[in-house]
Amino acid sequence: MPKRSAIPNHEKGYFRAVLGFVAPVVVFFTIFQIYPLMKNVWLSFTTIKGGFTLNNYYQILTSQSFWQSTWITVSFSLISVSIEMLIGFVFALLLNEEFHGRKALRTVFLIPWALPTAIMATGWKFLLQHSYGPFPWLLYWLHLAKSPPYFLSTPNLAFISIIMADAWKTVPFCALLLLAGLQAIPKDLYEAMQVDGAGWFFQLRKLTIPLMIPAIIVTLMFRFLQAFGVFDLIWVLTSGGPGNATMALSPFIYQQTFNWLDVRAGAATSVMMAIYILVLVVIVWTTRSYIGRRYAQ
Amino acid sequence: MRLKRFLLYVGVTIMAFYCLFPIYFLVLDSIEPTSVSYSSPPILYPVAFTFSNYIGVFENIPLLTYIKNSTIVSLSATAIVVLIGSMAAFAVAKIKFRGSNPFMNFLLILGFFPAATMIFPLYEMFANFHLLNNYLSLILPYTSVSIPLTVWILATYFEQIPTALYEAARVDGMSRFQAFYKIILPLGIPAVSTVAILNFIACWNEFILALTFMTKENMRTITVGISMISGRFSYQYPWGEIIAGALLVTVPLVIIIFIAQEKIISGLTAGAIKG
Amino acid sequence: MHRLEFKKVYKRFGEKVIAVNNANFFVDEGEFVTLLGPSGCGKTTTLRLIAGLDRTSEGEILINDKIINALSPSERDIAMVFQSYALYPHMNVFENIAIPLQVRKMSKSDVKTRVGSIAQMLGISTLLDRKPRELSGGQRQRVAIGRALVREPNLFLLDEPLANLDAILRHRMRGELKALFHSVDGTTIYVTHDQEEALAMSDKIVVMNYGVIQQIGAPEEIYKRPVNKFVAVFVGNPQINIIEAKNAEDMSKLFSSSKVNALEKLTHDGKVEIGIRPENIVLGKGNIFGKVTLIEPMGANLLVSVETALNSEKIKVKLFISNTVKISEGDDVNFSIKESELLFFLNEKRVDVEG
């Protein structure tokens, strides 16, 4: 056996050892993650009697509600993630400066992130209540609305509401992630620019933004994948309503399965959603390695 | 220079305001008596003060039971996932078995699938085994869901521990498992605690599985319990009590944040930016 | 060209750390001045104060007799080469060198000619399209220097620019840098912990320790007439021999009685430390006797450690001889000392001794 390091690669008991370390994780994953996914695939292709059918897919792919759901999910993810990254980046730039109470503010930033989404959504449900919630009235008093808006019972406003609540929870989180990226930029690069005579905006344009692009893109894509699965927020805040105006894919699957008891339609929707996710993951994965190569330092 | 400072502090004020203004209104609502908080238009500054909502929430809602349930489920899942996750992370980072990279990627990719895509088969499984309304029905899937992040963060950290330490331990006669729990694991404690905190918070906050598998009132977790209150009173939402409850159950999380701020941030960045 | 002056400059970090302690010095137009000292002596902080990257706690920094304390780095018309080179990783060599010109909104064609001529001068014309990660250490350093030279500033600051190079390259660049900065018109402040570099390159050396300037002088002066033991020991390789003489009898073993008498008048207890540079000890003649304990071949020369006895105790000195001399460890030898080159230290400070 050729010796390459202090520990030969395949000494006695190697495979048993590896298996021992990895097995518990694999077992858990197989039972609680892989099996349910596979089971859903199976359900989606079968009739109640167990025969093969494409009917479940035919049913959802021709239904308006599935496509509407898809559209709502995509637009919700796109809009909220873009807003979050934009504001988050500005906040991160501010947090990267020296000021009194900076540490305290960073702690405050973690509060929205750590709040359970369901509980945060409960709070927002109160804040957006038409008659005694503060938010509609604030808009009215600030002359931003002609009368206190009915946030949760107007389709467009309900959609805006979930984006607003999601942004509130996630902007600080994005800001902290981007702040870590900012702090990873070597300080002497900024010093060199200053000595060379560059002002604040020049530094931002020529140094900060180009160096942050990989971190921004990666964070954006991962946040997008997360937002794609949104459930708690919608279920608590709007229950998908009014009508189906905020029925994203996750709550749609839940509704099909547990409210309408149409398990096989739910399974087909799940598989479709899994396919969306897979496509996204492939995009993320390839762009990530592309970015990695382009910006590797 | 002075203008820049001024603008900076304006920005800082806006940021603090952004994070805190919804919380201000919630706190305000929770300390006002019903007569004030149900006035329309609302009064946006404190006019009266009462604890009645905080007392009421304990009388009308089994808040302590929810907290107990959430604690049991979150702690158990966290303990299990840290144990098995650190073993797998060790194998990935230090034994570097063949296929450890695809293994890691596989875990990460599956981790992106939302719970909704697998919820019915899990429900059916737990129903068949009579595990609905049993802590196990949450502990087991929570453990599984936490695996990708755990293994990822720990493997990244273990990678940075010099392999020479592991090799020295092996040359000195330790088995792989001994080298793991006597050398690598103790050195990895900072990352282990970070992961434990992140997982605990994630389990504590979980909603969809808890909503589905815990249908009895006395088995509900906090997130489901609080958000379901509204449904029980058809005539009027007891907003004061709901908000009081929501704020109360947030307190433990805020305490964790205050204590472990640095760890949380380092874990988030390791898990999210590089992940 | 700039003149630079430090007047009673202090830099404190927090309560306890004084990085620069009452620094006063003057750099004339076109001078090449080196700040020399061990790590943590405050030399880099001094440089950062000049650049404006750190603010003084007290005192004044003047350029051309104008106080510049309040000016931001970009207003000081200074170019700096960082120890890490601080090359922008996402820009290629051309863009890196062009940045100071772009900041000044120079036209594209002018930028091109200027960068081109600088690149030519530094021999990096073929590398202009490369990113910093595709360059070797020496090439990166040239780019960093190019970035400093391109805008023809009046004051250059160089922070250990050779520290990250390997030994051979370091030696070569030493000569090149010296020639380069003599050819461009500009005042240069150079920071290093390497005394050889300082001796070889500078017009003037400022030796620092624990934030305090120890001595300011030309290289030869620093080497031959150090003001205190620290400077004597820090400058010179191999280190100067320091011998502690406890009384007049010890002294009389080493040098003439007239010096001994003069010294005795200066000391209270008869104790004095004597510094002898290795090259000032001559082996084979003289009336000090000792035994060879160690021979370290250094190429052309041998560095020989000789043990000898004063009245009170044994001492060890190191000296050079040519590698043609046959000598081996354990040999009994005699040697003499060039009395005129001796340095005397009382309480760490050098004293002049007549006689």
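Predicted model: local features only at pLDDT ≥ 70, side-chain atom pairs only at ≥ 80, totals over all residues.
Let's start with chain A. What does its secondary structure come to? Twelve helices and zero strands. Read along the sequence, the pattern is one α after another: α-α-α-α-α-α-α-α-α-α-α-α. Now, the overall form. The radius of gyration of chain A is 24 Å. The globule rule gives 19 Å for 297 residues, and 24 Å is well over that, so chain A is more spread out than a compact globule. Along its principal axes, the C-alpha trace of chain A covers about 80 × 75 × 30 Å.

How much of chain A is buried? Buried residues are 45% of its 297 residues. Next, contacts within chain A. Take those between residues at least 6 apart in sequence: 69% of them join residues at least 24 apart.

On to the chains together. Two pairs of chains are in contact. Which pair shares the most contacts? Chains A and B. Chain B and chain C are joined by no contact. Their closest C-alpha atoms lie 10 Å apart.

Last, the core. The largest nonpolar core has 258 residues. Six of its members touch the most other members: A175(A), L178(A), A88(B), V151(B), L154(B) and L157(C). Helix α4 of chain B, residues 63-95, gives the most to this core, with 16 residues.

Let's zoom in on L154(B). What does it touch, leaving out residues up to four places away in sequence? The list is G85(B), S86(B), A89(B), G188(B), A191(B), V192(B) and V195(B).

Note on methods
Residues numbered from 1 in each chain as written. Chains lettered and ligands numbered in written order. Core = buried A, V, L, I, M, F, W, Y, C linked by C-beta atoms within 7 Å. Buried ≥ 20, exposed ≤ 12 C-beta atoms within 10 Å, placed from the backbone. Helix = DSSP H or I, 4+ residues; strand = E, 2+ residues; numbered from the N terminus. Contact = placed C-beta atoms within 7 Å. Rg over C-alpha atoms; globule rule 2.2 N^0.38 Å.
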